[in-house]
Amino acid sequence: MIAFWIVALFALVGALVVVLHRNPVYSALGLVLTLFQVAVLFALLDAPLLALLQVMVYAGAIVVLFLFVIMLLSLEPEKRLAAPFPVAVAGLVLAATLGFGLVVSGTLPLRSGVPSRLPADFGSPESLATNLFTKHQLPFELTSVLLLVAVVGAVVLARRRS
Amino acid sequence: MEVFFSLAKIVVAFVIILQLTLLLLWVERKGSALIQDRVGANRANLFGGLLPFNLGIVNTWMADPLKLFHKEDIVPTEADHFLHWLAPFVAIVPLFVTFAVIPFGDVLRVGGYTIDLVAAPIPASVLFVLAMASLAVYGVVIGGWASNSRYSFLGGVRGTAQMISYELALSLSIVSVVLTFGTFDLQEIARAQGQLIWGVIPAWGVFYQPVALILLFIAGMAESKRAPFDLPEAESEIVAGFFTEYSGSKLSVFMMADFVEIGIVAALVTTLFFGGWQVPWLGREGFQFPGGFAIALPSLVVTLLQFVAFLVKLFVFCWLQILVRWSLPRMRYDHLMAFGWKRLLPLGLVNVGLTAVLVLLFDGWTVK
Amino acid sequence: MDLAGLPPEYPLGLAAALFAIGAFGVVFRRSVIVVLMCIELMLNAVNITFVAFGRELGDMAGQVMVFFVMTVAAAEVAVGLAILLVAFSRRKTLDGDEFASLRG
């Protein structure tokens, strides 16, 4: 329980840094902090494989790309941080509504037939892989196509500049 | 009692890596001197030079770190002070943590307890190593950006591009080893290498995955940013790259991170390809030579032998990296990128594909 | 990992908070690159709910979904940042309000 509260605290701090800091480099580092806490949370929730993948994919690749682009463009800290006041208020209202809705939906009773005990290999690489390569074979193949499209798209976009 | 053993294992792993870095510092200075036909570090001496022989090792073992930690810590005025302070820690913590999952022995049997000799026995330790290796890039990025200096910045950008490029080859080589042994657990991989091929040759990973060994070694050296891949800190072009603006203890932490990375690459090569702590023909009960000849040994002696074997292998591969560093000139930047993406990556992909086919055809392929 | 008793409400609450912060950031911030980061925040909040519900229902499908979300997020960031680079080289800014030229 203590572990969860530590995770939650740092995740929220990181998220607030992302949203509120003027300097995009700090925003990216706040994002790393939050993503790392999410990885720890995955480990706490019986998803050790996802926790490691989270660190590898998000912290190791995605945020590094963000930082790389920020550095490449030598972005300065923003002078005007935010949208005008009404928009900010609208954003706050939207966020509060969404958050409230999610909290309410989270407290609704789950569907019946919930197992009282998890199987011993829940979250292990084997069980994830079995599920992925049998029940979700088609989406898996489609994702690989999607990745290919993304690679080609990124290369085309980057090439056109010269 | 369990807690005590866990703590003891953590201390052992930590001491190995700390002492290894200091030893490597000396080996690198003396080794480079050997290669360049110099004498090398020979000034510091115990007992005021009263000893008849030179104790150059003391120089770097104690004097160098002490000297560095006493130097003034300079932070450039225009630097981002918080991130400048943070970068060395970000650089070194993931590397230290990586060593926790490297097995340094089979099991230790003491008074009814059977202790698995790996500091943090987690099931997917191979992925853990990859995850931590992917975090190592942050020290370079943050250090290079926070210094607010052109040279640091260039070094940071170069380091980022290089490290994320070579991480692919590194991952692919490890994937093919995982496919071969069918487990994500480094300790299990090390144990599987205790078998014998045709009852004679130890079933080490190098005999199954020679291509992956070459890939891992090259990509690992590129990850540790040392010659011939030291573009991020190329002293003849960009002063010292991402740690140009660092001094004193922070600089020493960055340099230490370099040596820890060498240690990790050596530990990975040892564990994945050269049997880890395995001594050829040494089982838990003693030596079992192919001819049927056997020597029974007590459990403690077996464990000690394995530990020593691990350290010796670790050191051999560290030395090999130092040898490469002082033998080869630096690559040109476009060659570096082309080599990573157009040579190592396709080679790694082909190797993974071939391994998968072999595993399917021969049902596991390795000795069971 | 002896948190077998961690009730799902706690991670779900955290996910709701993260999602709300991310949504607020998307509306609030002008810099497109930070907006992209906020989208990543929201995706991660969704991933937490997937894992939490999957654990509660004893169904591995939750974790498989997270796997797909990660892949899609990686693809999204690659293309998104490439677009950003092109946009920056044309406009010399990353302010979202400056990209309003499609208004006709």
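Reader: In the hairpin of β1(B) and β2(B), which residue takes a positive phi?

Author: That is B:G111, with a positive phi near 45°, in a hairpin that has two residues between the strands. Before we go on, the ground rules: residues are numbered from 1 along each chain as its sequence is written, while chains are lettered from A and ligands numbered from 1 in the order in which they are written. This is a predicted model, in which local features need pLDDT of at least 70, side-chain atom pairs count only at pLDDT 80 or more, and totals for chains, interfaces and linings use all residues.

Reader: What joins strand β1 of chain B to strand β2 of chain B?

Author: Four bridges do, linking β1 (residues 107–110) to β2 (residues 113–116), and the two strands run antiparallel. Two strands pair if DSSP finds at least two bridges between them, so with four bridges β1(B) and β2(B) count as paired. Within this pair, B:R109 stands opposite B:T114. As for the names, strands are DSSP runs of E with at least two residues, helices are runs of H or I with at least four, and both are numbered from the N terminus.

Reader: Why are β5 and β7 of chain B said to stand at the edges?

Author: The open sheet has three strands in the order β5-β6-β7 (chain B), with antiparallel pairing. β5 (282–283) and β7 (294–296) each have a single partner strand, so one side of each is left without a neighbour in the sheet.

Reader: What makes B:G194 count as buried?

Author: A residue is buried if 20 or more other C-beta atoms (placed from the backbone) lie within 10 Å of its own, exposed if 12 or fewer, and partly exposed in between. B:G194 has 22 such neighbours, so it counts as buried. B:G194 lies in the loop between α7 (186–192) and β3 (196–197) of chain B. Leaving aside neighbours within four places in sequence, B:G194 is in contact (C-beta atoms, placed from the backbone, within 7 Å) with B:Q278 and B:G283.

Reader: A:D46 and B:D37 each have a positive phi of about 60° although neither is a glycine. Is A:D46 buried or exposed, and is B:D37 buried or exposed?

Author: A:D46, in the loop between α2 and α3 of chain A, has 21 other C-beta atoms within 10 Å, so it is buried. B:D37, in the loop between α1 (2–35) and α2 (56–70) of chain B, has 6 other C-beta atoms within 10 Å, so it is exposed.

Reader: Why is α2(A) called roughly antiparallel to α3(A)?

Author: α2 (residues 24–44) of chain A and α3(A) pack at an angle of about 175°, with their axes 8 Å apart. Angles over 145 degrees count as roughly antiparallel, under 35 as roughly parallel, 65 to 115 as roughly perpendicular and the rest as oblique, so this pair is roughly antiparallel. The axes are lines fitted to C-alpha atoms, for helices over the stretch in contact, and angles run from 0 to 180 degrees between N-to-C directions. The residues that meet include A:L31, A:L35 and A:F42 in α2(A) and A:V55, A:Y58 and A:F66 in α3(A). By class, this contact has 22 nonpolar, one polar and no charged residues.

Reader: How many residues bring chain A and chain B into contact, and of which classes are those of chain A?

Author: Chain A gives 14 residues and chain B gives 16 residues. Twelve of those in chain A come from helix α3 (residues 48–72), the largest share. They divide into 13 nonpolar, one polar and no charged, where Ala, Val, Leu, Ile, Met, Phe, Trp, Tyr, Cys and Pro count as nonpolar, Asp, Glu, Lys and Arg as charged, and the others, Gly among them, as polar.

Reader: Which element gives the largest share of the side of chain C that touches chain A?

Author: 64 residues of chain C are in contact with 72 residues of chain A, and α3(C) supplies 23 residues, the largest share of the chain C side. By class, that side has 49 nonpolar, nine polar and six charged residues.

Key:
Contact = placed C-beta atoms within 7 Å.
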